[in-house]
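Biologist: Please walk me through this model. I want to hear the cut-off behind each label.

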Amino acid sequence: MRVQECAAGGRITAAAADEAAMDLDELDRGIVHALQIHPRAPWTLVGEVLGVNPVTAARRWHRLQEAGLAWVTAYPQLSNTRIVVTGVVEVDTEPGVAEDVAGALAANPSVANIKLTAGGRDLVAAVQARSLDELARFSTLLFQRTPGVRATRTHVSTGVPTEGSRWRLRSLDDAQSARIEAAVPPAYEAAPAVEARGDTLDAHLLALLSMDGRMSLRDLSAATGASLTTVRRRLQSMLASRLVLRCDLARPLSGWPLSAVYFASVPGQYVEETSRVLSGVREVRSCAITAGPHNLVIDVWLRDLRDVHAFEAHLSRKLPRLTVSDRSVVLRTVKHMGRLLDHDGRCVGVVPLRYPEGPRPAVAPVT
């Protein structure tokens, strides 16, 4: 799988990113917040809401994107298990090779996320497949053929009540947010069951939108060879039931520079109630309901290392039935929804995510 570079004109330089980071101001943050609400919002609307010329808004976004500090990406809808089955995989590696293993796994389009962690596992990865059978075969082949992997433990996700696309920067006021939200296209009628399986055009659109979620319909049409009308209709259908768009900001610029993963359990009858409460906790970026020794895997963003235990204590008070069995501090996020990140959380490349297609999907080649 060829890795695509984030910057249209070439690989991002540290100097360009540093310059953009120093210049990150309220306008930049307002643009990011607007695109978190409506990732494909027209620049005329963004400029009007922020009180700037649309050209200025577009230029600011282009600078952030070129520097790898912000981006809009696409991925299959995680809450729909008919489309994608997700496995949360703990990986133990041989001493001293965890970063090399993470780099090797990052090249595979079915591995959406990879975190280097401290604690009871060296890596935590999210693997996406079409079915449980494919997940089993893929996980076995992928990890068996990756040098340095000592052991793996796979937790099958049975639901994702909340995930990172819902997080907001909180730079816009309520009135500005409402104006952007009012422009979000209404939900379209879900695609028929046959079309919902996905086809080659869906796969191509996902790959293109993984690289640039704001790619214009005209450019999507030119890249896929499909008519403008077909692309518009298919994209509407995908966004209704199969595809999610999100705007991300390099985490150190978000005010939440640290991350941790908690492996927790709650009695079965309280899983849904607990996950709903967790969805409203501001530190929680994603929560997966899993089948295994833990029935909840919770990803959180934190402001300080001391918050790792303080947040756990907060959860215990808020959710007394919840038991945190283990936790790991994230040392570095290597890959996030197909985006390759450097040590400062900047996007330096893209491995477009694989859209499951066809009734009998083949396991992606292991690199």
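Biologist: How many helices and strands does the chain have?

Modeller: The chain has 12 helices and 12 strands. Helices (H or I, at least four residues) and strands (E, at least two) are DSSP runs, numbered from the N terminus. This is a predicted model, where local features need pLDDT of at least 70, side-chain atom pairs count only at pLDDT 80 or more, and totals for chains, interfaces and linings use all residues. Residues are numbered from 1 along each chain as its sequence is written, and side-chain values use heavy atoms, with hydrogens and water left out.

Biologist: What makes α3 and α4 roughly perpendicular?

Modeller: The axes of α3 (residues 43-50) and α4 (residues 54-66) cross at roughly 105° and come within 8 Å. Axes are lines fitted to C-alpha atoms, for helices over the stretch in contact, and angles run from 0 to 180 degrees between N-to-C directions. Angles under 35 degrees count as roughly parallel, over 145 as roughly antiparallel, 65 to 115 as roughly perpendicular and the rest as oblique. So α3 is roughly perpendicular to α4.

Biologist: Which residues meet there?

Modeller: W43, T44, V46 and G47 of α3 meet P54, A57, A58 and W61 of α4. Contact means heavy atoms within 4.5 Å.

Biologist: Why is R170 called exposed?

Modeller: Buried means under 20% relative accessible area, exposed over 50%, partly exposed in between (1.4 Å probe, protein chains only). R170 has 65% relative accessibility, so R170 counts as exposed. R170 lies in the loop between β5 (149-162) and α7 (174-182). Its phi is positive, about 65°, although R170 is not a glycine.

Biologist: What makes M337 buried?

Modeller: M337 has a relative accessible area of 5%, so M337 is buried. M337 sits in the loop between β10 (323-336) and β11 (339-341). M337 also has a positive phi, about 50°.

Biologist: Why do C247 and C287 count as buried?

Modeller: C247 is at 6% relative accessibility, so C247 counts as buried. C287 is at 1%, so C287 counts as buried too.

Biologist: How many disulfides does the structure hold?

Modeller: Zero disulfides. A disulfide is a pair of cysteine sulfur atoms within 2.5 Å.
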